[in-house]
Amino acid sequence: MNGSLLTVDDLVVEYPGRGFRAPPFRAVEGVSFDIRPGETVGLVGESGSGKTTIGRAILGLAPVSAGTVTFRGEDISRPTPRRRRELTRDLQVVYQDPYSSLNPSLTIGDSLAEPLVVRRTPKQQARARVRELLDTVGLPTDAADRMPREFSGGQRQRVAIARALALDPTLIVCDEPVSALDLSTQALVLELFLEIQQRTGVAYLFISHDLAVVREMSHRVAVLHRGELVEWGPGDVVTSAPEHPYTQRLLLASPVPDPAAQEQRRADRLRLRELQAEQDLQAGTA
Amino acid sequence: MLKFVGKRLATGVGLIAALSVLTFFLLQFGAAGTAQRIAGQSASPEAVAVVEERLGLDRPPLERFGSWVADALGGDLGRSWFGGQPVVDTVTSRMAVTVTLAVGSVVLTAVIAVVLGALAAARRGWLDRLVQLLGVIGQAIPGFLMALALVLVFAIELDWFPATGYTRPSESIGGWLLSIALPVVALTVGSIGGVAQQVRGSMIDAFSRDYVRTLRSRGLSRRRVVYRHVLRNAAGPALSILGLQFVILLGGAVIVETLFSIPGLGPAALSSTSQGDIPVVMGIVVVTGVVVVLVNTLVDVAQAWVNPKVRLS
Amino acid sequence: MSSAHRLPASTPTRAPRAGLLRRLLAHPLGGVSLVLLAVIGAVAVAAPWVAPHDPTATDLRMIFAEPGGGYALGGDSAGRDVLSRLLVATACSIAGGLLVAGVAALVGVTAGLVAGFFGGWIDTLGAWFTALTMSLPSIIVLIAARSVMGPSMWWTMAIFGALVSPVYYRVVYNAVRGVRGELYIDAARTSGLSNTRIIGRHVLMAVRAPVVLLTAGVVAAGIGMQAGFDFLGLGDPTTPTWGQMLNEGFYNINRSRLLVLWPALALGLTTVFLTLLGTALRDELEGPSDARRRRNRAPWAPDGPLPAVIDHGNAPEGEPLLVVRDLAVAYPSENGFATVVRNGRLTVHRGETHGLVGESGSGKSQTAFSVLGLLPRGGTVVAGSIVFDGDELVGRTDEQMNRLRGSRIAYVPQEPMSNLDPSFTVGDQLTEPLVTVLGLSKAEAERRALDLLEQVGIPDPRRTYASYPHQLSGGMAQRVLIAGAVASRPDLLIADEPTTALDVTVQAEVLDLLRDLRDELGMAVLIVTHNFGVVADLCDRVSVMQEGVVVETGTTRDVFADPRHPYTRALFAAIPKGAPRAPLAGVTSAGALGTGRIA
């Protein structure tokens with residue numbers, strides 16, 4: 001794929017079934033998409049859609065059973081542990097839960113310096129970099145000596161972003177990075193993501209269940225349903241005039257914060273539901 | 001459900017097999033000394049060889065283990081090398097006494113600990129602190145020390161109970177009850193605190209669950225929610241603890257029986273191992289294993305009965 | 001935007017991280033036991049030098065000698081000095097306990113780390129070994145081992161250590177399993193850390209506390225087991241121990257009662273102190289289990305005047321169903337009270353849906369729980385009034401509230417799965433209140449429950465009726481909970497974030513259901529939510545809550561069209577506006593569709 005930073009081709013992720021001879025569970029079934037340098041690709045879906053699993057497969061935290069993940073032309077579906085560790089310089093992650101993603105017994109500075117220390121960065125240099133990172137995400141530099149429990153959810157999420165930025169990655173997998181945050185904090189963190197992208201040109205794989213957030217963040221959007229990719233295209237098209245029935249349902253199901261518009265949307269949704277039920281019935285009898 | 005029980009029992013059989021292999025081959029290291037002991041300390045090597053031949057010690061261990069297993073499967077655990085009595089008779093009659101002590105103590109523990117733990121969880125306050133104190137004492141003071149104290153105070157100083165000895169229930173029910181009272185109490189005192197604390201913990205855990213508020217929001221009284229829903233959900237962990245406690249009490253019984261001169265498994269285990277009486281030791285280990293496996297299976301079944309997730313998966 | 005939502009210029013002052021030792025010494029139980037254990041330890045170390053006599057030297061003249069004359073604590077049955085024996089025995093006993101803990105920790109922690117982190121065959125082996133050791137009383141194994149190894153105290157204690165190692169194994173295993181699922185382990189991996197580094201840096205840290213905690217108990221158990229073993233006469237007769245001294249004292253109880261007393265005291269006190277130390281350690285490592293009571297807590301007082309609420313008016317005519325005025329809810333805290341609701345104000349009219357919105361910590365759920373009379377433990381309504389249909393609810397007894405709950409006021413919770421009792425079938429849980437509260441017969445209750453299940457749109461009511469909660473999906477479970485809430489045809493339904501845990505498409509259906517039921521039953525609904533979309537969809541009126549204070553209230557249309565309070569405006573400004581991002585420069589939209597394959 002010309003000009004692609006990361007290409008996911010026909011990706012399948014299977015987990016072994018529980019119990020003797022149980023069939024494996026397919027979390028992702030043949031999903032393909034790509035991400036260009038500096039681009040944000042949104043991955044939308046409900047629980048069980050496989051969106052998180054795709055992110056984990058790219059990072060090497062979930063097994064790639066079939067298909068390939070290509071990064072800058074190199075197949076990284078099954079790299080050696082050593083190569084996987086090297087790849088972490090380019091591929092980073094920000095998780096949903098700002099409470100579980102930082103070790104509660106390490107200071108913020110220790111957590112941030114971790115990727116640097118592993119690469120034998122001199123102490124002085126690492127400390128300077130940590131200060132720089134904290135500044136980038138809008139936290140005071142004295143935060144480095146504090147423990148995670150002293151910070152709010154939004155502040156912790158800023159720390160997690162800073163950690164992801166430590167090695168100047170080219171792609172950050174953002175797994176529901178604002179779902180656990182309050183509305184006002186969410187807006188500030190989203191702003192920060194956009195600002196960092198403008199400044200550094202990093203690409204994002206932005207995973208979320210919230211169509212509104214994905215729309216605001218993504219150049220292109222992929223919609224997942226039960227492990228399959230059902231729709232994929234430019235963000236404005238997919239999120240405003242979707243073609244696939246599931247995406248249509250998803251769009252009309254998320255309520256808009258405007259009583260009049262929501263009344264309209266509710267009516268649209270009920271109409272769509274009847275229409276699709278009719279189509280299903282016809283497809284069933286045909 | 002039947003499949004579930006079958007699976008548990010199969011695991012148990014595997015466990016007993018592993019146990020007997022391990023014990024048998026470990027005991028072989030001491031077998032030579034035993035022959036010498038039977039023949040007498042000053043016996044000549046020839047005399048010892050005769051004894052070894054009589055006991056079958058001249059055959060390779062693997063062969064002996066094979067015939068032991070074959071006999072054991074047929075219900076014959078051999079004869080004692082010292083007294084000559086059939087091991088099955090000795091072990092089962094003694095096991096009956098030990099199990100009586102352990103079961104009596106588990107039942108007593110269960111009743112007192114569940115009541116104390118449940119009340120402590122529901123009321124908190126001083127009762128809660130009492131349970132915690134009991135837990136610390138039970139955990140801290142070795143069981144035999146407790147038994148020792150009981151003997152000194154209630155048997156020797158106050159003379160309410162016989163200090164030692166055992167009356168068979170066939171001789172006199174009252175005498176039997178008196179003779180096992182102190183041992184059972186000694187075993188129980190140590191275990192109440194720990195179990196009560198566990199019950200309290202799982203009650204408090206169940207009490208903090210979301211469904212408690214939802215049930216209350218439907219107009220059910222606090223009392224009803226506690227006794228029907230919270231207790232039911234706390235029963236699973238409590239059952240596991242009691243199962244575990246039974247094994248601990250079996251071990252405690254060994255010492256307590258010796259202290260009170262009760263003809264249970266304890267004194268037999270002591271004398272047979274110090275003599276190196278391999279058939280008796282094997283018998284004790286295997287029969288204890290069987291009892292434990294049976295108890296664990298019972299606990300699992302009870303567990304499945306209170307927890308639909310276990311039962312239906 | 002209000003100042004509360006800006007990042008503070010500097011994060012809060014750093015909490016002092018005092019060393020564990022210092023905190024232990026400050027703990028009432030921990031300090032005492034630590035000091036006394038240190039004394040016992042010192043005695044053990046110094047025993048060979050401070051013992052006045054050779055502990056094994058017999059003196060026929062001193063058999064059962066009284067304390068004082070020559071032997072400070074008297075002589076035993078062989079005429080040996082009890083004090084000297086006691087001192088030397090202390091060293092042996094403590095060394096034995098430490099050996100047990102050392103072996104157990106070494107075996108158990110290593111195996112637990114490896115099995116917990118990597119799983120695989122070590123995991124299986126560990127589970128088997130654990131089952132094996134748990135299925136046989138360790139004393140029997142020790143006795144059997146003794147016949148092989150001979151009466152060596154060190155061997156016996158080492159084997160006992162191996163036998164109790166599953167205690168460590170299980171604790172470490174569970175801790176590692178718990179930590180393994182934490183996202184910071186994944187984050188460390190994505191930072192480029194190898195497995196060894198992750199174990200050393202993140203996993204070991206998580207198991208440190210439980211291991212330290214266990215060790216106090218295991219040392220005590222080791223000392224106790226050794227004493228028991230020696231008491232049975234199985235120990236090594238050449239090393240004096242507490243167990244042997246107890247044995248000797250017990251069999252000579254008629255000659256001298258004191259002989260039992262000393263070793264019993266030494267043994268009992270040591271194990272009690274160790275256990276108390278363990279309790280203190282638990283308090284310090286895991287935080288005290290219950291906040292320590294403060295006897296002279298100052299009475300609750302409002303912090304400042306009640307802020308005014310912006311009311312858009314346009315309230316419907318007639319007597320309101322629920323009026324909450326000047327509500328304050330507080331929890332006892334270390335220094336007085338933590339007030340979570342400072343000024344709760346709500347007016348809910350009959351048949352209307354009222355949204356209570358706010359961010360986490362705004363006190364919206366606490367306000368709802370106050371109306372139900374079901375505040376979490378410790379929470380109290382400290383001021384204000386709640387009037388339901390003309391009756392004051394504040395100050396009512398639990399029994400009086402019970403008559404209201406489940407008949408006129410009902411509740412739908414947030415998290416569907418955790419709000420159903422896992423041990424009872426759906427049918428049991430639905431019919432129980434119908435029978436006990438509403439007084440229906442069993443058969444009537446069953447019929448009613450089945451009707452309700454059908455009413456909330458469950459496709460196969462009979463099957464769901466007989467199901468256990470774990471067999472239901474989240475959406476189904478929420479329908480069951482709604483069915484249970486409306487069973488009594490309540491006047492007021494309080495729904496606390498009823499769709500937050502659900503997927504968007506399920507959320508839409510549940511909102512439809514709530515709307516339909518409201519219209520059918522004519523009940524009022526108080527819906528607590530953080531989602532303005534949900535408010536726009538369902539609510540007639542809305543109240544906005546910020547940090548325990550209702551700041552703005554009015555009809556949904558008025559508030560959405562003209563938010564006046566700065567906080568309400570800030571919230572609206574934070575909603576993703578839905579302006580889509582243009583495709584990346586240089587990428588045509590046709591090209592963008594190129595690589596994706598549509599299933």
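**Core, interfaces and a helix pair**

A: Begin with the core: the largest nonpolar core has 339 residues, and L205(A), I284(B), I140(C), L492(C), L493(C) and I494(C) have the most contacts inside it. Please bear in mind that this is a predicted model.

Q: With which residues is L205(A) in contact, leaving aside its neighbours within four places in sequence?

A: With that exclusion, L205(A) contacts I35(A), V41(A), L43(A), G55(A), I58(A), L171(A), V173(A) and C174(A).

Q: Turning to the chains, which pair has the most contacts?

A: Two residues count as in contact when their C-beta atoms lie within 7 Å. Of the two pairs of chains that touch, chains A and C have the most contacts. Chain A and chain B do not touch, and their nearest C-alpha atoms are 11 Å apart.

Q: How many residues does each chain bring to the contact between chain C and chain A, and which helix of chain C gives the most?

A: Chain C brings 60 residues and chain A brings 76. On the side of chain C, at least two residues each come from α7 (183-190), α8 (195-231), α17, α18 (532-538), α19 (556-561), α20 (566-574) and α21 (589-592). Helix α7(C) gives the most, with seven residues. By class, this side of chain C comprises 31 nonpolar, 18 polar and 11 charged residues.

Q: How is the contact between chain C and chain B made up?

A: Here 58 residues of chain C meet 59 residues of chain B. Helix α10 (residues 258-286) of chain C supplies the largest share of the chain C side, nine residues. The classes on that side are 33 nonpolar, 19 polar and six charged.

Q: How does one read the packing of two helices, and at what angle do α16 and α17 of chain C pack?

A: One reads the angle and the distance between the axes, then the residues in contact. Helix α16 (residues 474-486) and helix α17 (residues 504-521) of chain C pack at about 15°, with their axes 11 Å apart. Angles under 35 degrees count as roughly parallel, so α16(C) is roughly parallel to α17(C). The crossing of α16(C) past α17(C) is right-handed.

Q: Which residues make this contact?

A: G475(C), Q478(C), R479(C), I482(C) and V486(C) belong to α16(C), while α17(C) contributes V506(C), V510(C), L513(C), L517(C) and L521(C). The contact has seven nonpolar, two polar and one charged residues.

Conventions. Residues numbered from 1 in each chain as written. Chains lettered and ligands numbered in written order. Predicted model: local features only at pLDDT ≥ 70, side-chain atom pairs only at ≥ 80, totals over all residues. Axes fitted to C-alpha atoms, helices over the stretch in contact; angles between N-to-C directions. Helix = DSSP H or I, 4+ residues; strand = E, 2+ residues; numbered from the N terminus. Parallel < 35°, antiparallel > 145°, perpendicular 65-115°, else oblique. Left-handed = near helix turned anticlockwise from the far one by under 90°. Nonpolar A, V, L, I, M, F, W, Y, C, P; charged D, E, K, R; others polar. Core = buried A, V, L, I, M, F, W, Y, C linked by C-beta atoms within 7 Å. Buried ≥ 20, exposed ≤ 12 C-beta atoms within 10 Å, placed from the backbone.
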